[in-house]
Amino acid sequence: MTLDLNLRVIPANTEASAPTVLLIHGFASSADLNWERSGWVRHFTENGRNVALVDLPGHGEDPNRNDGSWAPSRIHLALAKVVESLGGPVDVLGYSLGARLGWELAAKHPELVRRLIIGGPGSLDPLAAFALNEARNFVATGESIADEYTAKVMSIAINEKASDFSALFKLIEGIKTEPYDPAEAVPTTPTLLVAGDQDDLATTMPYLRRLLREAGADTEVVWLAGRNHASAVTSREFKTAALKFLDA
């Protein structure tokens, strides 16, 4: 059974002639937090784009809505079904975990993705190394988390009051079954890579660009001055660059 990603489509404020933009949020976020509250949906709809929003498994208003494994391969198959239901191809913008999923969607279903933007991307898979037992102990007993990355992710998740930790941990279990290897399948779609220049997770972004170039993809890169992984997504420069790239 295909995963249900809770699709919502927000129409453009004017007649839309360009492809729909599919927005894929990051871990411990949601379509609402990542894209609506940060102004992305309004930015696109005011510029003549229909926007498609999905909540990934473990996220959104009904985080436990899907049964079975939440492995990445099952998620990007569900994303492909979403694009098909929209009459694709579409333009795709993914942030953080959404960047990984967008990369895999474009690589494995190139006919469904016209242009790709990946924000806060990296070639490593931090969630595969997430200290799941430490995080579970922290939620159950308040015991401090020794692993620095795990502690950072949990602090973000705690700040998003709607987070369902059991659901988030189930998603991490699925991700651990299929660690990210961007070289395994590389998009040939025109791709924009965007990250804050203070983003520790994006230091491997040049490697991703090299993979894309070797595969024959046209690429562009934008570094956002003074932004880190958490703050880059709210950048107006990011929004402006994204629309310019998609309209090229």
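Predicted model: local features only at pLDDT ≥ 70, side-chain atom pairs only at ≥ 80, totals over all residues.
1. Residues are numbered from 1 along each chain as its sequence is written, and side-chain values use heavy atoms, with hydrogens and water left out.

2. Strand β5 (residues 113-119) has six of its seven residues buried and is therefore largely enclosed by the rest of the structure; buried means under 20% relative accessible area, with a 1.4 Å probe and protein chains only. Strands here are DSSP runs of E with at least two residues, and helices are runs of H or I with at least four.

3. β5 pairs in the parallel sense with strand β4 (residues 90-95) over six bridges, and with strand β6 (residues 191-196) over four bridges, where pairing requires at least two DSSP bridges. Val92 stands opposite Leu116 in β5, and Gly119 stands opposite Val194 in β6.

4. The largest nonpolar core has 51 residues, and Leu22, Val92 and Leu97 are among those with the most contacts inside it; such a core joins buried Ala, Val, Leu, Ile, Met, Phe, Trp, Tyr and Cys residues through side-chain atoms within 4.5 Å. A second, separate core of 24 residues includes Leu23 and Ala242.

5. Ser38 lies in the loop between α1 (31-36) and α2 (40-45), and is buried with a relative accessible area of 14%. The side chain of Ser38 reaches the backbone oxygen of Asn34 at 2.5 Å.

Technical notes:
Buried < 20%, exposed > 50% of the residue type's maximum accessible area, 1.4 Å probe, protein only. Polar contact = N/O pair within 3.5 Å; in protein donor to acceptor, adjacent residues only side chain to side chain.
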